[in-house]
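Subject: Structure for your review

Dear colleague,

Please find below the structure that I am handing over to you. My findings follow it.

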Amino acid sequence: MIRIMVLDDLESILDLEHQLFSSPWTIENYHFELMQNPFGHYVVLDEEGIKGYLGLWIHDDAMQITTLGVDLQVQNRGYGKKLLEYALLKATQEGVSVITLEVRVSNTKATHLYESAGFRQITIRRDYYSHPDEDAVLMLKQMR
Ligand SMILES: CC(C)(COP(=O)(O)OP(=O)(O)OC[C@H]1O[C@@H](n2cnc3c(N)ncnc32)[C@H](O)[C@@H]1OP(=O)(O)O)[C@@H](O)C(=O)NCCC(=O)NCCS
């Protein structure tokens, strides 16, 4: 099931952050997102433990996907797609007209996942990432 992320989940989320990302978010980042960011919406995919997670910002009629991760041990079983489908459903429910996200240019797997959900590559953001330095692709899905 997909449910709202709570503070008690953060230990597991930070483990996954370190497993999945070369510049992992910190506990302070997550505290802020869960407790203080009025635009933040964070969920976990919980199937006998946290298998994946998704972060969104929703502001007016725009949504940004801030993070998406699935435990390496259970990747390629459709969990990433399920979390992305949740984001699309949430966007519809909230009347969002456009969804954007950034992804490393080398991340062909995530790019493929987003494209199969209807996202298009809009532009390149030079040197967007560090550790290692890399460009980002800005992707966008028009909802209406
Ligand atoms: C990206 C990520 C969330 C995908 O999660 P997942 O649960 O493995 O994804 P799914 O099983 O739902 O499916 C992913 C799709 O990519 C495809 N895929 C798998 N490996 C691939 C590869 N090397 N290149 C291209 N496509 C690939 C799968 O076939 C599937 O496509 P399909 O539905 O058309 O068959 C996961 O790999 C991850 O956590 N990566 C590290 C963190 C990350 O990069 N997050 C995205 C940041 S923008």
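Which element gives the most to the shell around the ligand? The answer is α4, with six residues. Please note that this is a predicted model.

The ligand is surrounded by 19 residues, and the closest are Val70, Gln75, Gly80, Lys81 and His112. Two or more residues of this shell come from each of β4 (62-70), α3 (79-93) and α4 (108-116). By residue type, the shell holds nine polar, seven nonpolar and three charged residues.

I turn next to a pair of strands. Strand β6 comprises residues 120-129, and it lies largely in the open because the number of buried residues among its 10 is zero. β6 runs antiparallel to strand β7 (residues 134-142), to which six bridges join it. The two strands form a hairpin with four residues between them. In the turn, His131 has a positive phi of about 55°.

Leaving aside residues up to four places away in sequence, Val137 touches Glu102, Val103, Val105, Thr111, Gln121 and Ile124. Ser106 is 31 residues from Val137 along the chain, and their C-alpha atoms are separated by 9.4 Å.

Yours sincerely

Methods: Residues are numbered from 1 along each chain as its sequence is written. This is a predicted model: local features need pLDDT of at least 70, side-chain atom pairs count only at pLDDT 80 or more; totals for chains, interfaces and linings use all residues. A residue is near a molecule or strand if its C-beta atom, placed from the backbone, lies within 6 Å of it. Ala, Val, Leu, Ile, Met, Phe, Trp, Tyr, Cys and Pro count as nonpolar, Asp, Glu, Lys and Arg as charged, and the others, Gly among them, as polar. A residue is buried if 20 or more other C-beta atoms lie within 10 Å of its own, exposed if 12 or fewer, and partly exposed in between; C-beta atoms are placed from the backbone. Two strands pair if DSSP finds at least two bridges between them. Two residues are in contact if their C-beta atoms, placed from the backbone, lie within 7 Å.
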